[in-house]
Amino acid sequence: MDMAIIFMLVASAAPFVFIHLKKYVFAAAQVLLLIGMWMYFFAGLNPETLPAPFSVLWFSFYGSLVLSEIGYVMFVIYLGKTIGAEYRQEHPDSNDPISEL
């Protein structure tokens, strides 16, 4: 349960990652999925109102987690390209194996 809450908190910050990457459609989709994710979580806390598996809230819960992880992978790739470009500007004479790709 603790790991799920940690993933949900990380997923809640994903729209800001998408906005930073200028992926506004993904940010809007993530916000909609986040609303369903938190609704599913709070509905699941009460045993009398457990959401059905494969319901809309179920898909929004897991879809939000998947889309947020995609966003963070995109952000890591963006950082790698940015840091690599800055390194190549500062050290143009270095033998950088990544720039040879």
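The model is predicted: local features need pLDDT of at least 70, side-chain atom pairs count only at pLDDT 80 or more, and totals for chains, interfaces and linings use all residues. Residues are numbered from 1 along each chain as its sequence is written, and side-chain values use heavy atoms, without hydrogens and water.

**Helix α4**
- Helices are DSSP runs (H or I, at least four residues), numbered from the N terminus.
- Helix α4 takes in residues 56–90, 35 residues in all.
- The expected span of a helix is 1.5 Å times one less than its number of residues.
- Buried residues (under 20% relative accessible area, 1.4 Å probe, protein chains only) in α4 include Ser60, Phe61, Leu65 and Gly84.
- The buried residues of α4 pack against α1 (2–12), α2 (14–20) and α3 (24–45), where contact means heavy atoms within 4.5 Å.

**Helix α3**
- The 22 residues of α3 should span 32 Å, and the end C-alpha atoms are 32 Å apart, which agrees.
- Among the buried residues of α3 are Leu34, Met37, Tyr40 and Phe41.
- The buried residues of α3 pack against α1, α2 and α4.

**Aromatic rings**
- Rings of Phe, Tyr and Trp (its six-membered ring) pair if their centres lie within 6.5 Å; planes under 30 degrees apart count as stacked, over 60 as edge-to-face and the rest as tilted.
- The count comes to 11 aromatic pairs.
- Trp58 and Phe59 form an edge-to-face pair, 5.0 Å centre to centre with 85 degrees between the planes.
- Tyr40, Phe54, Trp58, Phe59, Phe61 and Tyr62 form one aromatic cluster.

Notes:
Helices (H or I, at least four residues) and strands (E, at least two) are DSSP runs, numbered from the N terminus. Buried means under 20% relative accessible area, exposed over 50%, partly exposed in between (1.4 Å probe, protein chains only).
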